[in-house]
Amino acid sequence: MADSVTLDPVDLEILRLLQNDARTTYRDLAAAVGVAPSTCLDRVARLRRGGVILGHELRLDPAKLGRGLEALLLVQVRPHRRELITPFVDRIRALPESRALFHLTGPDDYLVHVAVTGTSDLQRLVIDEFTSRREVARVETRLIFQEWSCGPLLPPE
């Protein structure tokens with residue numbers, strides 16, 4: 001487990017504001033947290049160097065890109081050995097339909113979030129890219145009706 005980083009209240013507020021809008025300018029960010037813009041820039045740079053801020057992401061609407069059906073695929077891989085897992089993970093991550101991949105504990109080994117054009121595309125994906133693989137023992141599909149984002153991630157109090 002990675003070591004946590006000591007964050008003061010200004011750092012926490014910077015992180016909260018950036019998580020809500022990563023495009024906030026340093027000038028606006030500095031004004032919101034009550035520090036000089038140069039101090040704010042130094043703090044954000046320190047948070048990046050420390051690995052607290054990992055990057056910035058652009059969120060897209062899959063439906064507006066022609067991928068209006070999203071699903072979660074629960075995948076069981078047998079046997080669960082590294083020589084099979086690494087190529088499996090590499091292939092799934094390379095699929096244009098894949099949005100996220102999680103390695104799990106429990107009866108399912110992976111959870112794959114996918115976005116496809118419709119049910120026939122989902123069926124093709126499951127059959128051609130998952131169940132056709134020798135190491136895939138089982139795939140369960142769950143359709144996503146709606147998704148909500150949650151609040152910013154901050155350390156426990």
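How do the residues lining the largest pocket divide into nonpolar, polar and charged? Hello everyone, let's start there. In this predicted model, the lining of that pocket has 20 nonpolar, ten polar and seven charged residues.

Let me stay with the largest pocket for a moment. Its volume is about 1,600 Å³, and 37 residues line it. If you want to find its centre on the screen, look for Leu-18, Gln-19, Gly-55, Glu-57 and Leu-153, the lining residues that lie nearest to it. Which elements each supply at least two residues of this lining? They are the helix α1, residues 9-20, and the strand β2, residues 98-103. Of the contributions to the lining, the one from α1 is the most, at four residues.

Now for the second largest pocket, with a volume of about 160 Å³. Its lining includes Asp-61, Pro-62 and Ala-63, then Arg-67, Gly-68, Leu-69 and Glu-70, and also Ile-144, Phe-145, Gln-146 and Glu-147. By class, that lining has five nonpolar, two polar and four charged residues.

Next, a pair of helices. Two packed helices are described by the angle between their axes and the distance between the axes. Here the pair is α2, residues 26-33, and α3, residues 37-49: their axes come within 8 Å and cross at roughly 100 degrees. An angle of 65 to 115 degrees counts as roughly perpendicular, and so that is how α2 and α3 sit relative to each other. On the α2 side, the contact is made by Tyr-26, Arg-27, Leu-29 and Ala-30, and on the α3 side by Pro-37, Cys-40, Leu-41, Val-44 and Arg-48. Seven residues of this contact are nonpolar, none is polar and two are charged.

Is Glu-97 buried or exposed? Its relative accessibility is 8%, and buried means under 20%, so Glu-97 counts as buried. Who is around it? Setting aside neighbours within four places in sequence, Glu-97 is in contact with Arg-67, His-113, Val-114, Ala-115, Val-116, Arg-124 and Leu-125.

Most peptide bonds are trans. The bond from Arg-78 to Pro-79, however, is cis, with omega near -10 degrees. You will find Pro-79 in the loop between β1, residues 69-77, and α4.

Notes:
Residues are numbered from 1 along each chain as its sequence is written. This is a predicted model: local features need pLDDT of at least 70, side-chain atom pairs count only at pLDDT 80 or more; totals for chains, interfaces and linings use all residues. Side-chain values use heavy atoms; hydrogens and water are left out. On a 1 Å grid over the protein atoms alone, a cavity is a set of points where a 1.4 Å probe fits but cannot get out, and a pocket is an open set with protein on both sides within 12 Å along at least five of seven lines; lining residues have an atom within 4 Å of a point. Grid points are joined across faces, edges and corners, and a volume is the space filled by probe spheres set on the points. Ala, Val, Leu, Ile, Met, Phe, Trp, Tyr, Cys and Pro count as nonpolar, Asp, Glu, Lys and Arg as charged, and the others, Gly among them, as polar. Axes are lines fitted to C-alpha atoms, for helices over the stretch in contact, and angles run from 0 to 180 degrees between N-to-C directions. Angles under 35 degrees count as roughly parallel, over 145 as roughly antiparallel, 65 to 115 as roughly perpendicular and the rest as oblique. Contact means heavy atoms within 4.5 Å. Buried means under 20% relative accessible area, exposed over 50%, partly exposed in between (1.4 Å probe, protein chains only).
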